[in-house]
Each structure stands twice: as C-alpha cells, then as structure tokens.
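Here's a quick tour for anyone meeting this structure for the first time.

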Amino acid sequence: KGNKQHRSSIMMDAMGVDGKTSQLKGTNCSDLGQGPCIWSSPEGGQKIDIGKQIFCNRSLNMKNIVAVGFDMDYTLAQYKPETFESLAYEGTVRKLVYDLQYPSELLDWTFDWKYMVRGLVLDKKRGNILKMDRHKYVKVAYHGFREMSKEDKVATYRSTLTRDSFDEPDYALIDTLFSLAEAYLFAQLVDFKDKNPGKILADYSRMYKDVRAAVDLCHRDGTLKQMVAKDPRRYIEEDTSIVPMIKMIKESGRATFLVTNSLWDYTNIVMNFLCGEKTVSSWSATNFDWLQYFDVVITGSAKPGFFHDENRANLFEVDPESGMLLNTDNGTPMPPVDTTLRLLSNIDKSCRVFQGGNVGHLHKLLSIESSSQVLYIGDHIYGDILHSKKALGWRTMLVVPELEREVELLWQLRDTRKQLQLLRNERDHIEDEIHHLKWSIRFDGVNDDNGEKILAELDKLKCQSEQVRLKHQRAQRECHRMFHKVWGQLMKTGHQNSRFAHQVERFACLYTSQVTNLSLYSPDKCYRPGEDFMPHEINILAL
Ligand code: U5P
C-alpha cells in the first residue's frame, strides 16, 4: 500500500495542495485528455497523486506544531467494511433476534456494505434516510429503501428547514464508517415493518434505538474484537507506510501520541498488526515494539468527553504486559516512568500507556503550553474533530478514505461537469431572455403587427428552456450515479456543498484520504488554503 502511493496514475503538484487552486489549475491540464494528470510545477516541487493530497481549509504551519496525535480506529487502522462491518451487521441481527425477539426472518437478511455512505442523516421517528446540503435542504430522501416523491419530501421537510437542526435526539448522523451497518439495518427494518404489519411492534424510533444499542454491544462484548484479534488481516488493511510516517514525525522533533476509545488489549492487537514486526505468515500480539513510535498512548479515552478539561474521568497508567491498571492519583503527581515500567524489560521505556483521563493530563504529560501546538488526526467529525477544535483549539486533520475515489472521479468527469455548467448557463440565459420579452410586452404592449410574433418567440424560448432543463437533469443524474448510485457525491448535494462537506470545511484544518499521506509532505510544511471566493468575485474573475 505504501508503494502504491508513489505509483499512482493521477499526479499533482505538491505546491498547490488546496482544493480551490487545484480546481482552477485543473482546467489548464486538458492537453493530457483522459489520461494521467501530470502537473508540471513551476517551482519544480514534488508531484503528488491527487487522491493522496492533503487539502487545506485553514492555514497550518507545521513549524508551530510540537505534538502530533492520532486516533486509531478508521484513522491508523482502516477496517475492511466488507468483512468488519459485515461482522457488526451479523452480530447485531443475532442480538435483535435472540435477545430482543425481533422476527427470525432477519437472520436471512444480507448486508450491502456499499449502499450507505457517510454524511447521511437518519430520521428516527419517520424511518427516513436523508441527504442534505449545507443549508440543511433535504435533496435526497428515502423511506427505508423507497425513494420519497418530491411532494412528500417537500411536505415533510420544508417546514423543518428553519426550525429543525436535524440533530439528536430525533435524528442520527451517519458520520463514522462504524455507522454504515446500523443505517442499512435500520432501512431494512423500516421496509420490513411497512410490508409486514404487526410483525414488529416497536415504532421506527424504538427500532433505531434497539439497533444502536445492539451495534454498540457488539463493539463492547467481544463479538467483533475477538474475531479481529484472531485474524486481523481479514478485517484490517495492512499498511507498511504507517511506521515510516510516524518515524518521520518523531525524527522531526515532534512528540507523537495516540488517543483512542479502544481499550488497551484491543489497541495492542491492532497497533501490533499495523506497526509490529511481521513475519511472512504470522504476527505477534505479545510484542510491544510499536510503543517506540509514541510518547504517550491513551486508551479508553471516552472521546469526545476527553477533550473537555473539566471532564473528571480518572487517569490510570496501564501495565502493557498484564493490562493491569495502576493508580496515578489521577495524574497529580504523574508517576515517574521508572516506577511503573521498570518490570517491562522488552518495552520502550520512553512511551507511557494510560487509560481514561482528560486532555489536561495529556498536555501535562507532553508539556504542551498551548492547544494550538497540537495537531490531532482522526476520522470522526463529531468524536475526533469537532470537539478537539471547537472546545480545545487543537489543530485538526480529518481522514476521509472515500476522498481518494471521489477526487479521481472528479478528474475523470471534469468534461461532463463543464458541460453541466454550460447547460446551466444556457438555461439562465434563456430564462433572462424570457424575462426581457415579458418585460417589453408589459411596457410596450403587443399590437396586431408584432403580437403573434412575440408570443411565438416566447413559446419557442419556453420550449428551449425546458429542453435544456431535461438535458441538464439527465446529465446530472448520470454524473450523480457515477459517484454513488443512490446518494451521489459525498461532498456535494446538487450544486451545493453537502452537509458533510460543510462540516469538514468548518472543523477540519486539513483533510486527506489516508493518514499516511502526511509522509508525502515535509514535516515542516506550511499548509495554506486557496483564496476564498464569494459568488460576485467568481463572476468577475470569469469575465
Ligand atoms: N465503538 C463502540 N461502539 C460503536 C462504534 C464503535 O464502542 O457503536 C468502539 C470501536 O469498537 C472502537 C472505538 O473500539 O469505539 C473507536 O475508537 P477510536 O476511533 O477512538 O480509535
């Protein structure tokens, strides 16, 4: 996987890393047709595959960063949804049937792991799944698996536009890859309940609650983790570029830390698989070599609560070999390294492992003076990014694995998208002509000489406008389906940024498809966003 980063076909210049300038520059690259996009850089900079670039929303000078932190699940460890989420799905179904007496038919259901995507919103009460834009306008809506008619959608959600936040408790955000299985199961249950009256007595909200609780239990009772521990290779992507990336950061003089909600035993298994020495056919979970890459590891962190200083969770030091929790007197004073790790002969003594606590403890351990000196990298907008940035002021990078395919498709579809824009402009132009014609009729009136001609011209324009509208609609649907057959592009809803994209823009200083993309840039890089453009500026620039 590591080598693949440098072999990819679509390359871009590392100097233009932001989405906006890349977009503008992209139009100059058409001489390369549909083939590989090799960007020549006037500065002679390094070329980076567009799918591996780090995109910048807010300036971030790495020179000011003294500590880089990582989330583990779905950030360092990329699970294979086809096996991992399927396991969660199957475990959840069994719990619903055997523990909560849901109908046994559920046991025959299968999971389409590609159907749900991040950024969707579940309407728990109504059994609907929604995709909305940054203004919270619901553009795509399904009741279970049935697409809602436009009238139905508008009648249900237009009035909620101004007063509904589409947040908990009535709505659930599908903003982590962990939620794909539960969203799919919820849609199946809604469908089943509608088609089989009386078979499920619980209402839609109750069904969601049951699914959520069952999924969560699968994560906590060993259903998932024991299986992953037995055969990590089946559930987690191997990635040989993680260790070099973390080493690079450490060697640049920065502290590195891990803050994960997973507990120590599981964290050790996953991190060993990702960073430990591997022989050809086996790996060992009893080796703690991977700790050498971190200064502090905090497990069972209970994010997002962890990011709040006033969070009173006790801090324990973990004895890596026995997994025993050692009292730290809640972090004050911190136990000196020697006393807690002296027995652990094969462990790198510079790394300390903890459970719980809060961000204050972590800052003390790493001697962080200001929150803005920390960069934290995670995959979950709500759990990792929003709170760490908003409440704490940490700098953030969001990992969005879906981005790699999305930007590659954007590149492939760039001509189609230009066509779409031209069709929109054409329709606007016709609509303006219709308006002017109507205006002149209103002021000048029609007479026997020009009346028929003007009305015929009006009909012709209306007809043209409708034709262009239909053509645009067909092309747009095709484009939408290329990204995802049901939900379209992750970062767009129609012509607007999706709600998900809006959150990425607001809360993630940087975003990228894989955490290891960091190693493609200098650890001292100053990331800069492209210039912001208001619509009036874009119009002027386009002239
Ligand atoms: N997890 C749950 N319940 C869920 C989803 C995830 O307990 O519904 C657990 C995962 O199994 C993992 C942790 O142990 O949350 C996520 O950790 P991280 O993303 O902080 O590394």
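## Around the ligand

The residues of the shell around the ligand split into 2 nonpolar, 4 polar and 6 charged. For that sorting, Ala, Val, Leu, Ile, Met, Phe, Trp, Tyr, Cys and Pro count as nonpolar, Asp, Glu, Lys and Arg as charged, and the others, Gly among them, as polar. Keep in mind that this is a predicted model, where local features need pLDDT of at least 70, side-chain atom pairs count only at pLDDT 80 or more, and totals for chains, interfaces and linings use all residues. Residues are numbered from 1 along each chain as its sequence is written, and side-chain values use heavy atoms, with hydrogens and water left out.

Who's in the shell? Among the residues surrounding the ligand are Met72, Phe178, Arg212, His219 and Lys303; being near takes a heavy atom within 4 Å. Helix H7 (residues 204-220) gives the most to this shell, with 3 residues. Helices (H or I, at least four residues) and strands (E, at least two) are DSSP runs, numbered from the N terminus.

## Holding on

## Rings in pairs

How many aromatic pairs are there? The count comes to 29, with rings of Phe, Tyr and Trp (its six-membered ring) pairing if their centres lie within 6.5 Å; planes under 30 degrees apart are stacked, over 60 edge-to-face and the rest tilted. Take phenylalanine 111 and tyrosine 184: their ring centres are 5.5 Å apart and their planes at 65°, so this pair is edge-to-face. The pair links distant parts of the chain, 73 residues apart, with phenylalanine 111 in the loop between helix H3 (84-98) and strand E6 (120-123) and tyrosine 184 in helix H6 (residues 180-195).

The peptide bond from lysine 303 to proline 304 is cis, with omega near 5°, and proline 304 sits in the loop between strand E12 (296-299) and strand E13 (315-318). Alanine 302, in the loop between E12 and E13, has a positive phi of about 55° although it isn't a glycine.

Another cis bond runs from glutamate 168 to proline 169, with omega near 5°.
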